[in-house]
Amino acid sequence: MNNSTSYPHLFAPLKIGNVEIANRIVMGSMHTGLEARRKNADKLAEFYATRARGGVGLIVTGGIAPSRTGLLAPFDAKMTNFLDVSHHKPITQAVHKANGKIILQLLHAGRYGMTPFKVGAGSEKSPIHPFKHIKASDGMVKHLIRSFGKAAKLAQEAGYDGVEIMGGEGYLINQFLCSRTNDRTDQWGGSTENRQRFLVEVIKNIRSQVSSDFMVTLRQSIADLVGGGQTWDEIISMAKKAEDLGVNAINTDIGWHESRVPTIVTSVPRAAFVHFTEGLRDEVSIPLIASNRINTPDVAEEILARGLVDAVSMARPLLADPELPNKAKTGRADEINTCIACNQACLDHIFVGKKVSCLLNPRAGRETTLILTPSTKPKKVAVIGAGPAGLASAIAVAEKKHQVEIFEANATIGGQFSIAANIPGKEEFKESLRYFQRQLEVNDIKVHLNTQVSAQEIKSQGFDAVIVATGVRPRIPNIEGIDHPMVMTYADAVLGKRKVGKRVAIIGAGGIGFDVAEFLTTDESPTLNLEEWEKEWGVARDLSIPGFVTKPEVEPSSREVYLLQRKEGSQGKTLGKTTGWVHKASIKKKKVQQISGAQYDKIDDAGLHISFVDETKAPQILPVDNVVLCAGQISVNELVEPLKASGIEVYVVGGADFAGELDAKRAIKQGTEAAAMIE
Ligand code: NAP
Ligand code: SF4
């Protein structure tokens, strides 16, 4: 697809302060869940070293607290004493050994902490946390400033190439900067100058504690996306002060955790916020780093070629594929496993205290435990099914140097991913299909499409091992009239195999029910039109509005859609922690009628007849043209027992193993683990 000359801007070196980094790719800060415990230091070191070997220019660590009052959670990672220094040394050593550069992010959580002793700038409690913080006294503020300086000094002792000051996302520094969270009347609140004073003093203190060749970067919030956020004039004045005080680069940051504008999920258009970063170009001369939804080298190159920003931040894309820079540089961009911004194994894990990995790359965060060592006695391995589980396992089996063939009953590869790629805002799934297809070619994996294989055929063709990844089929609920012509499966609706009318009832409000509701109420995918997307989520282009948020304007749907479940209570409880609220808000805006506690009595020409678990509610007939079934899945696993009986080594993965809570994260992880087990 591309050769190295395709990305001349991306692979030009960049000077940050006195330090030269090899290219313009910065691995943005992201927690891994490995930071806090000393016993995980080697795992974290290997995680970062893998990315350094993959060619990234600069790595920024996950946020580390400069004081106990700034911890994100109890016993979380901090940099406050010599013990912390020794904890971090294996990390910096491993990255430097891999010829990489790494800086430590200093993050004080402020009112976003989950500890009882958290300290914040103002009086208001965080709307997204259960308990209140302590408002910092003048003495505490001065102590906090000194702790940032001390932490930076310790970071230098630990071998880091610099520090990044986390000044965005609604954490402590951002809380001081904005009137939304800073209601102080002393020298740290009130006027713009007073609200900026805390960050100014933090920068001064850090600079006084470290050498001049030690990089200091600022993660500056340049679009708070909350009411009471900063104005553009305030952002410019802060950026200029930062430059004057010795900050070497500004890594721009978008949105607070409490913002109601999505900033990183897959339905956010690629590079949606880069214009904010570009707006700073004429104001400062230090390097500017753009971030958010920059997930391919092509998008990055296009941004850099415009000449207004100097580097791009990619965090999740390097979880999905640590080799992204090397592949892009050596003309193998089409082999990149592109992050689809699903958050399922990264951010969703962080918010429930689990270790971070990647849905597409289960080896992320498990570099020292999930290893695909090439076999010394190559076997002949069959994979049945070319959905995500089958494809991932076949590629991993090939990496182990076994000989592998795939048998797929359908005419195309992709399984559930091919369906998901049609959902508005989920276009990124097409990148995964491209990745899988290319890996099949690169690894010379034979794929038998339109082939319904039997256990006998597998046995007779001399396979030593078989991975059964036959997936799922939709559950057809037992409802009177389920054979009525108005009823269809979600796959038929989404793949356009059946025409869907103007009034539709969706049975089942799980992940797929929500997707189908969005599909049926959206004429044009918002991901593909930035202006429409900004209108829908209320992102203001008028930069005099503090926080740049305005009233959302939504195109009404031309369909009337009902989304039903049998359970009582609110819908969407099983959706992802960091993405569920976006799906819920989207269908609400489209006026999808959500009905819980429903009993499906029958389907006939009049529509869907329902009554309620709560008998005080009157039965209804929903006068719909179509009923779309999203009632979960059942495993397709008929081959498992005959294969086992034939004496072949059998592994069952993905939906074929367990259809409940079917998800691609488990499917791909199981597929990769099965491959790792084949000796
Ligand atoms: P799900 O999240 O388990 O939801 C199934 C829905 O069907 C529930 O609302 C359930 O609610 C209902 N249901 C179950 N049995 C039923 C029956 N016998 N009769 C009527 N309704 C029944 O399953 P899903 O929506 O199939 O999604 C599964 C997983 O796939 C998600 O967790 C997500 O990770 C992943 N996902 C995949 C895609 C994709 O395109 N492939 C898209 C989104 C999500 P009641 O029991 O209350 O009625
Ligand atoms: Fe990207 Fe999803 Fe992987 Fe996270 S889990 S890195 S969002 S593909």
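The structure is a predicted model, in which local features need pLDDT of at least 70, side-chain atom pairs count only at pLDDT 80 or more, and totals for chains, interfaces and linings use all residues. Residues are numbered from 1 along each chain as its sequence is written, chains are lettered from A and ligands numbered from 1 in the order in which they are written, and side-chain values use heavy atoms, with hydrogens and water left out.

**Overall fold and surface**

- The secondary structure of the protein amounts to 21 helices and 27 strands.
- The radius of gyration, taken over C-alpha atoms, is compared with a globule rule of 2.2 Å times the number of residues to the power 0.38; for 679 residues a compact globule would have a value near 26 Å, and the protein agrees with this at 26 Å.
- Along the principal axes, the C-alpha atoms fill a box of roughly 75 × 65 × 45 Å.
- Of the 679 residues, 60% are buried, where buried means under 20% relative accessible area, exposed means over 50%, and partly exposed lies in between (1.4 Å probe, protein chains only).
- Taking contact to mean heavy atoms within 4.5 Å, 72% of the contacts between residues at least 6 apart in sequence join residues at least 24 apart.
- The protein exposes about 26500 Å², of which carbon and sulfur atoms supply 51%; accessible areas come from the Shrake-Rupley method with a 1.4 Å probe, and for residues only the protein chains shown count as cover.
- The mean positions of the 81 positive and 77 negative charges are 5 Å apart, with Lys and Arg counted as positive, Asp and Glu as negative, and His and the chain ends not counted; each charge is placed at NZ of Lys, CZ of Arg, CG of Asp or CD of Glu.

- Helix 19 spans residues 580–589, and its buried residues are G580, V582, H583, S586 and I587. They cover an arc of only 165° around the axis, which puts them on the same side of helix 19, the arc being that of the directions from the helix axis to the C-beta atoms.
- An α-helix has 3.6 residues a turn, so residues three or four places apart point the same way.
- The partners against which the buried residues of helix 19 pack are helix 17 (511–521), helix 18 (530–537), strand 20 (560–564) and strand 21 (593–595).
- H583, which lies in helix 19, counts as buried because its relative accessibility is 17%; apart from neighbours within four places in sequence, H583 is in contact with K426, F514, D515, E518 and L575.

**Positive phi in loops**

- Most residues other than glycine have a negative phi, and most peptide bonds are trans.
- F75, which is not a glycine, has a positive phi of about 65°; F75 sits in the loop between strand 4 (58–64) and helix 2 (82–97), and its relative accessible area of 77% makes F75 exposed.
- R293 likewise has a positive phi, near 55°, in a residue other than glycine; R293 is found in the loop between strand 11 (288–290) and helix 8 (297–305), where R293 is buried, with a relative accessible area of 4%.

**Selected residues and their separations**

- E234 lies in helix 6 (residues 232–244) and counts as buried at 11% relative accessibility.
- E441, in helix 14 (residues 429–442), is partly exposed with a relative accessible area of 44%; E441 and E335 are 106 residues apart in sequence and 10.0 Å apart in space, C-alpha to C-alpha.
- T368 is in the loop between helix 11 (347–350) and strand 13 (380–384) and counts as partly exposed at 39% relative accessibility. Beyond neighbours within four places in sequence, T368 is in contact with K43 and E46, whereas the C-alpha atoms of T368 and I506, 138 residues apart along the chain, are separated by 44 Å.
- K446 belongs to strand 15 (residues 446–448) and touches V404, E405 and I406, not counting residues up to four places away in sequence; the C-alpha atoms of K446 and V516, 70 residues apart along the chain, are separated by 34 Å.

Key:
Helices (H or I, at least four residues) and strands (E, at least two) are DSSP runs, numbered from the N terminus.
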